[in-house]
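Visitor: I should like to go through this structure by question and answer. Please begin with the terms that the discussion will need.

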Amino acid sequence: MQFRMLGPLQMYDDRRRAATELTSPLQQRLLKALLAHPNTLVPASVLVRELWGGRPPQKAGNALQAHASRLRRAMERAEPGGPGAARLVARDAGYLLRVGPEELDSARFRLGVRRARALAGSDPEGAGLLLRQALSRWRGAALAGPRGPAGDALAVVLEQERLGALEAVFDLSLLTGQHRRIVPELREAVLAHPARPRFREQLGRALAGPRVTPPPAGGGRALRPVPPAPGDARSGRDGGAGSGELDRLRALVERIASDQHALRSAIAQLSELVGRTAA
């Protein structure tokens, strides 16, 4: 069974290809708190705060036990014949959720991102594909729905990892000349995350087109024009080598001016887009 956290919380049975969602908000909070600390004993006092905050019911320990029993039965129904009863263990005034790394969609996502980053230096296009495959596991906001403090903290971490992977995808796409392809995606990212400057920078580079190279791997921000093609250096019959050098320099200046015009146009479009977003 998989515990899907990259979207609304689900328990997914691989054999039946069936997803189960918890209808009880308190059971959702309980499972999210346990998934935030897999294979770790979580004290009952912590879980009580996760479920009820600062206003626990009378006999909160008994109420927690009842919800844990219902959650255990829900896991048994989600995975008939599986180890549902043995997954949620009551021990030493707390609860422990047994789950393997392969049963967490977040772990599979992280593995895909690690593999892509390892491949980026030798095969940036292949690394981009791996990152997109990892990102395809997302079905919406992480752990959407009712959750307590531990669930909130986990959701924030997962969302930051998603945005980091998305930025890496765009960097690799710019590196491999896929500027036009990612412009719509980058516009959407800028609108969805206006406080994240990296997306705005990447959109500017994408709008400028492939004639402007991406920043160096060391993190520099400078944009530089693509050097002229070898055919631009030509010699004239009348002026000899000096005339040919002059023609080459003139062509280089024209290329730089063209690149600057494209960059100014991209910046203007980006400023207009940011202005509309702020409005």
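Guide: A residue is called buried when its relative accessible area is under 20%, exposed when it is over 50%, and partly exposed in between. The model under discussion is predicted.

Visitor: Is Trp-138 buried or exposed?
Guide: The limit for a buried residue is under 20% relative accessible area. Trp-138 has a relative accessibility of 12%, and therefore counts as buried.

Visitor: How many aromatic pairs are there?
Guide: Rings are paired when their centres lie within 6.5 Å. Under this criterion, the number of aromatic pairs is two.

Visitor: What is the geometry of the pair formed by Phe-109 and Trp-138?
Guide: Planes over 60 degrees apart count as edge-to-face. The ring centres of Phe-109 and Trp-138 are 5.7 Å apart and the planes stand at 85°, so this pair is edge-to-face.

Visitor: How many residues apart in sequence are the parts that Phe-109 and Trp-138 tie together?
Guide: Phe-109 belongs to helix 5 (residues 105-119), while Trp-138 is in the loop between helix 6 (124-135) and helix 7 (149-175). The pair therefore ties together parts whose separation in sequence is 29 residues.

Visitor: What is the geometry of the pair formed by Phe-170 and Phe-199?
Guide: The ring centres of Phe-170 and Phe-199 are 6.0 Å apart. Their planes are at 75°, so the pair is edge-to-face.

Visitor: Which residue lies over the face of Trp-138?
Guide: A charge sits over a ring if the CZ of Arg is within 6 Å of the ring centre and within 35 degrees of the ring normal. At 5.7 Å from the ring centre of Trp-138, the residue over its face is Arg-162.

Visitor: Over the ring of which residue does the charged end of Arg-4 sit?
Guide: The charged end of Arg-4 is 3.8 Å from the centre of the ring concerned. That ring belongs to Tyr-12.

Visitor: What is the distance between the end C-alpha atoms of helix 3?
Guide: Helix 3 (residues 60-78) has 19 residues, and at 1.5 Å a residue it should span 27 Å. The computed distance between its end C-alpha atoms agrees with this, at 27 Å.

Visitor: Which residues does Gln-27 contact, leaving aside its neighbours within four places in sequence?
Guide: Gln-27 lies in helix 1 (residues 25-35). With a relative accessible area of 10%, Gln-27 is buried. Its contacts beyond those neighbours are Leu-22, His-67, Arg-70 and Leu-71.

Visitor: What is the relative accessible area of Arg-17?
Guide: Arg-17 is in the loop between strand 2 (10-13) and strand 3 (18-20). Its phi is positive, near 55°, although the residue is other than glycine. Arg-17 is exposed, with a relative accessible area of 69%.

Visitor: What is the phi of Asn-39?
Guide: Asn-39 lies in the loop between helix 1 and strand 4 (42-43). With a relative accessible area of 41%, Asn-39 is partly exposed. Although Asn-39 is not a glycine, its phi is positive, about 60°.

Note on methods:
Residues are numbered from 1 along each chain as its sequence is written. This is a predicted model: local features need pLDDT of at least 70, side-chain atom pairs count only at pLDDT 80 or more; totals for chains, interfaces and linings use all residues. Side-chain values use heavy atoms; hydrogens and water are left out. Rings of Phe, Tyr and Trp (its six-membered ring) pair if their centres lie within 6.5 Å; planes under 30 degrees apart count as stacked, over 60 as edge-to-face and the rest as tilted. Helices (H or I, at least four residues) and strands (E, at least two) are DSSP runs, numbered from the N terminus. Buried means under 20% relative accessible area, exposed over 50%, partly exposed in between (1.4 Å probe, protein chains only). The expected span of a helix is 1.5 Å times one less than its number of residues. Contact means heavy atoms within 4.5 Å.
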